[in-house]
Amino acid sequence: MEKEKTIDTLNNLIQINNDRIEGYKTAADETKESDLKSLFSQFQATSAKINGELRSEVSRLGGTPTESTRITGKFFRVWMDVKAALTGNDRKSILESCEYGEDVAKKTYEDVLANDSENLSSEQQSMLKEQHSSLVSDYNKVKSMNDAHVSI
């Protein structure tokens with residue numbers, strides 16, 4: 001296990017969660033619906049908690065936790081802004097954008113767990129699996145809301 005690779009992997013996950021926090025701030029700003037604002041606030045809290053755990057682990061390993069977002073996250077937030085402006089803050093469009101973002105976060109964790117396990121201790125793998133589970137739960141909420149809206 002290489003410490004630098006572990007730190008890079010954890011910092012990548014911090015960036016994903018930073019993207020998620022910023023994306024849900026944008027989504028909350030774009031909707032006028034109180035149930036969505038509440039949901040997006042919960043999702044921001046999930047990523048803030050996750051980031052606290054990841055930052056602690058990076059620091060414990062002697063690294064510096066990143067504060068940045070990924071380019072794709074910036075693109076996602078801009079895309080949400082443009083789409084919201086074009087669709088008049090339409091609930092379905094906002095939920096579709098959020099589902100896309102959730103899918104990216106979920107898949108990033110899945111890739112790390114499948115491909116980077118040799119650089120992670122069993123404790124780190126366990127932590128990431130728990131975080132992934134939280135993100136899957138959030139993804140399922142958004143997907144369910146989006147699916148319910150489509151069938152109405």
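This is a predicted model: local features need pLDDT of at least 70, side-chain atom pairs count only at pLDDT 80 or more; totals for chains, interfaces and linings use all residues.
Trainee: What elements make up the chain as a whole?

Mentor: The chain has five helices and zero strands. Read from the N terminus on, its elements run α-α-α-α-α.

Trainee: Why is H1 described as largely enclosed by the rest of the structure?

Mentor: A residue is buried when its relative accessible area is under 20%. In H1, 20 of the 28 residues are buried, and the helix is therefore largely enclosed. For the chain, buried residues make up 47% of the 152 residues. The chain exposes about 7700 Å², of which carbon and sulfur atoms supply 52%.

Trainee: Why is H1 called roughly antiparallel to H4?

Mentor: Two packed helices are described by the angle between their axes and the distance between the axes. The axes of H1 (residues 3-30) and H4 (residues 91-115) come within 11 Å and cross at roughly 170 degrees. Angles over 145 degrees count as roughly antiparallel, and H1 is therefore roughly antiparallel to H4.

Trainee: Which residues of H1 and H4 meet?

Mentor: On the H1 side, they include Leu 13, Ile 16, Asn 17 and Tyr 24; on the H4 side, Ile 94, Cys 98, Glu 102 and Tyr 109 are among them. The residues of this contact divide into nine nonpolar, four polar and three charged.

Trainee: What makes Ile 50 a buried residue?

Mentor: Ile 50 is found in helix H2. Its relative accessibility is 3%, and the limit for a buried residue is under 20%; Ile 50 therefore counts as buried. Beyond its neighbours within four places in sequence, Ile 50 is in contact with Asn 17, Tyr 109, Gln 131 and Leu 135. Ile 50 and Asn 17 are 33 residues apart in sequence, with their C-alpha atoms 7.5 Å apart in space.

Trainee: How do you know whether Asn 51 is buried or exposed?

Mentor: Asn 51, also found in H2, has 0% relative accessibility and so counts as buried. Once its neighbours within four places in sequence are left aside, its contacts are Leu 13, Ile 14, Asn 17, Asn 18 and Ile 21. Other buried residues of H2 include Leu 36, Phe 40, Phe 43 and Leu 54.

Trainee: Why is Ser 137 placed in the class it has, with a relative accessible area of 34%?

Mentor: Ser 137 lies in helix H5, residues 122-151. Buried requires under 20% and exposed requires over 50%, with partly exposed in between. At 34%, Ser 137 is therefore partly exposed. Ser 137 and Glu 102 are 35 residues apart in sequence and 9.9 Å apart in space, C-alpha to C-alpha.

Trainee: What share of the contacts in the chain with a separation of 6 or more comes from residues 24 or more positions apart?

Mentor: Such residues account for 80% of those contacts.

How values were computed
Residues are numbered from 1 along each chain as its sequence is written. Side-chain values use heavy atoms; hydrogens and water are left out. Axes are lines fitted to C-alpha atoms, for helices over the stretch in contact, and angles run from 0 to 180 degrees between N-to-C directions. Helices (H or I, at least four residues) and strands (E, at least two) are DSSP runs, numbered from the N terminus. Angles under 35 degrees count as roughly parallel, over 145 as roughly antiparallel, 65 to 115 as roughly perpendicular and the rest as oblique. Contact means heavy atoms within 4.5 Å. Ala, Val, Leu, Ile, Met, Phe, Trp, Tyr, Cys and Pro count as nonpolar, Asp, Glu, Lys and Arg as charged, and the others, Gly among them, as polar. Buried means under 20% relative accessible area, exposed over 50%, partly exposed in between (1.4 Å probe, protein chains only). Accessible areas come from the Shrake-Rupley method with a 1.4 Å probe; for residues, only the protein chains shown count as cover.
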